[in-house]
Amino acid sequence: MLLHRRTRALRTAAVAAGTSVALLLPAAAAFADDAPRPVAGQEQADRGSSWPLADGSTARVRQTGEGSYRADVVGRDGVLIGTLTSTGGRPAYGENNGLHLVLRPDGSVSSWREDVPAPVPTPKPRPEPAPKPAPRALPTAGLADGTVATFARHAENGPRVQVSLGHGERVATVDPGHPAVRHHGWTYELAVQPGKHPYRFVVVDAPKQGGNSWVYDLDGKLVAEYHARKR
């Protein structure tokens, strides 16, 4: 039932058992070199009816016998793509490269495309940046005058100690540029010391309180305490 002896057949389907085999040939690119082209000027009676198909090709249908039809599928360039036959009063089905074709027992044709969407590339997972470590809380120390000292050993412009009231109001800040501050008779000093840790924070109370003093390292630890001799 093939139009040309060197044409190869593709997938087909029969409606029921006993239906004649219906064949649809492969895409034109598969046999464009050996498939014959239609002869120019061929008679209309020889070609039969023409049916435009969903992919732009054409089905040329002719009756081959009682209740039998053959459809020659021709591409846009005029090259024969394949044939489909219907015999015994039953429809024939064929498929080629996503084009579905039905040849009915009355010689009519219908077709549709089964467009397969292009595969969507799976996005590469982006590595999540490592979470930044939470900043460590700065050490603090309660001072004898009821204030709170907060120690910043590694501040941008050198070590810094901030003195605040209990509710957070700042009353003094000492650093290498401002090493001593007085507040209500109390003195807060960033004192230079020899050795590995050159700074200490010194708190001296008001003279009327006796001139006592407390020495802290920059981790907020009390390292020395001095009491003035009472006269």
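These legends describe close-up views of a predicted model. Local features are given at pLDDT of at least 70 and side-chain atom pairs at pLDDT 80 or more, whereas totals for chains, interfaces and linings use all residues. Residues are numbered from 1 along each chain as its sequence is written, and side-chain values use heavy atoms, with hydrogens and water left out.

**View 1. An open sheet is built from β2, β3, β4 and β5.** The four strands stand in the order β2-β3-β4-β5, with antiparallel pairing. Strands here are DSSP runs of E with at least two residues, numbered from the N terminus, and two of them pair if DSSP finds at least two bridges between them. β2 (49–52) and β5 (80–86) each have a single partner strand, so one side of each has no neighbour in the sheet. Between neighbouring strands the average turn is 25°, direction ignored; axes are lines fitted to C-alpha atoms, and angles run from 0 to 180 degrees between N-to-C directions.

**View 2. β4 pairs with β5.** Six bridges join strand β4 (residues 68–74) to β5 in the antiparallel sense. At one of these positions, Val73 has Gly82 of β5 as its bridge partner.

**View 3. A second open sheet holds β9, β10, β11 and β12.** Its four strands follow the order β9-β10-β11-β12, and the pairing is antiparallel. β9 (140–142) and β12 are the edge strands, pairing on one side only. From one strand to the next, the twist averages 20°.

**View 4. β9 and β10 form a hairpin.** Five residues lie between the two strands, and Gly146 in the turn has a positive phi of about 90°. Strand β10 covers residues 148–152 and pairs with β9 over three bridges, in the antiparallel sense. Thr140 has Thr150 as its bridge partner in β10, and Ala141 has Ala149.

**View 5. β10 also pairs with β11.** Strand β11 (residues 160–164) and β10 are antiparallel and share five bridges. The bridge partner of Phe151 in β11 is Val161.

**View 6. Ala172 is a buried residue of β12.** Strand β12 spans residues 170–174 and includes Ala172. The relative accessibility of Ala172 is 5%, so this residue counts as buried (under 20% relative accessible area, with a 1.4 Å probe and protein chains only; exposed is over 50%, and partly exposed lies in between). Beyond neighbours within four places in sequence, Ala172 is in contact with Val161, Gln162, Val163, Val181 and Tyr188, where contact means heavy atoms within 4.5 Å. Thr187 is 15 residues from Ala172 in sequence, and the C-alpha to C-alpha distance is 9.6 Å.
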